[in-house]
Amino acid sequence: MELFKRKEIRKVIGLMSGTSVDGIDAALVEITGDSNDGRVKLLEFENKPFPEEIRAGIFDLFDTGHATVDKIGYMNMLLGELYAQAAVSVAKKAGIGMEEIGCIGSHGQTIYHHPQICGKDGWPVRYTVQIGEGAVIANRTGIPCVSDFRVADMAAGGQGAPLVPFTEYLLYRSSSKTILLQNIGGIGNITVLPAGCNAGEVYAFDTGPGNMIIDGLMSRFTGGKKKMDEGGCIAAGGSIDASLLKELCSHEYFDERPPKSTGRELFGDIYINQLYDRIQASDISFEDAMATVTDFTAWSIEASYQRYILPHHLADQLLIGGGGSYNRVLVDRIRKRLKQYKVEVLLQEDLGFNSDAKEAVAFALLADCTMQGRCNTISSVTGANRPVVMGKISL
């Protein structure tokens, strides 16, 4: 059922803040005709870094011992204000009035994600929490806002992730090539688009930690002064510690078969703190530790391809997007690991796209589908029992 009358050409804003909590990505796109045709043009993109005290407050909520209901409630409303501000700012940067915007799609900030069934009370419950109140965004901008996407898929038995494969199918599919899309944010995730596929043949899953462990160790080693290994400069000066790498690669997550998803619950602060202690006890240098965890992310991508994709499809290209695409050492390690499989490794920019904007564009497209009452998931990807219309609309 179409909820709102669809115009032939629609301007939509997508908002995204990921597991790295760097800030808010805002993308203003123009969608023409049927969303399934993939005629989407990026008009403007902007990143709004979180103020440090707010970023620290979000990280505090990742710890369930600190995430009290008053803190969650406050941050939910505060982030709504910041998302609204980002939406207005990107439209202003594009020289477009808010009255021209059809809707806003906001992913929100994930603070907890539990995709496995918890049946302690006799019900097959999966749960997830994204904050950044859609009602605040709609109120401040005067534009309908679609938010809280994941829960509809989880209600249908899915993992509520990954969601972007739906839009990747619309935008990147090829009749002649099997394309892999690897996003490297805090967590890495991969989408498989077999040559000439239909939506039901697409599959995707989280490959494991992307930048999360790299960023976490940088923060530990520098006493919080540096949040990331820019360009992979520290890793470039080190050597891979084979023993540590083997230990990292033995994590049980990598043996789970797709569909699967993960997050800070497995690879967040507790994991990073234990890893840092292990590195210190073994007298592994800063540079060697960074080289090792960087190669660990590259290994997780290779292992995902080798174990769960190659037996079914020989890939032609892997397109890397997200913040990890700017880590030249990480990209180089991925290229070296996939060279034996004859997979061409490219960046989004190599094809004229924008790595930073990719996921914000996706949530603009997802919101456009929601406003039309159209299913915007691929159930074979998330494990749901049927496709659903995701997102809650605030007017």
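**Helix packing, domains and backbone details**

Helices α5 and α13 are roughly perpendicular to each other (angles of 65 to 115 degrees count as such, under 35 as roughly parallel, over 145 as roughly antiparallel, and the rest as oblique). Here α5 spans residues 165–172 and α13 spans residues 358–371. Their packing angle is about 95 degrees, and the axes are 9 Å apart. Axes are lines fitted to C-alpha atoms, for helices over the stretch in contact, and angles run from 0 to 180 degrees between N-to-C directions. Helices (H or I, at least four residues) and strands (E, at least two) are DSSP runs, numbered from the N terminus.

From α5, the contact (heavy atoms within 4.5 Å) draws on Phe-166, Thr-167, Glu-168, Leu-170, Leu-171 and Tyr-172. From α13 come Lys-358, Val-361, Ala-362, Leu-365, Leu-366 and Cys-369. By class, 9 of these contact residues are nonpolar, 1 is polar and 2 are charged. Ala, Val, Leu, Ile, Met, Phe, Trp, Tyr, Cys and Pro count as nonpolar, Asp, Glu, Lys and Arg as charged, and the others, Gly among them, as polar.

The model is predicted: local features need pLDDT of at least 70, side-chain atom pairs count only at pLDDT 80 or more, and totals for chains, interfaces and linings use all residues. Residues are numbered from 1 along each chain as its sequence is written, and side-chain values use heavy atoms, with hydrogens and water left out.

Now the domains. The assignment gives domain 1 (2–147) and domain 2 (168–351); such bounds come from an automatic or database domain assignment. Their C-alpha centres lie 25 Å apart. Domain 1 puts 17 residues into the contact, and domain 2 puts in 14. About 1,100 Å² is buried between them, with 47% from carbon and sulfur atoms. Buried area is the accessible area (1.4 Å probe) that two parts lose on being put together, summed over both. On the domain 1 side, Thr-19, Asn-36 and His-113 lose the most area to domain 2, together 36% of what that side buries.

Salt bridges come next (a side-chain nitrogen of Lys or Arg within 4 Å of a carboxyl oxygen of Asp or Glu). The count is 17, yet between domain 1 and domain 2 it is 0. Glu-81 lies in helix α2 (residues 69–94) and Arg-140 in helix α3 (residues 134–141), so the pair ties together parts 59 residues apart in sequence.

Finally, the loops. The Ala-161 to Pro-162 peptide bond is cis, with omega near -15 degrees. Pro-162 sits in the loop between α4 (150–155) and α5. The bond from Pro-258 to Pro-259 is also cis, with omega near 0 degrees. Pro-259 belongs to the loop between α8 (242–249) and α9 (264–267). Asp-148, a residue other than glycine, has a positive phi near 50 degrees.
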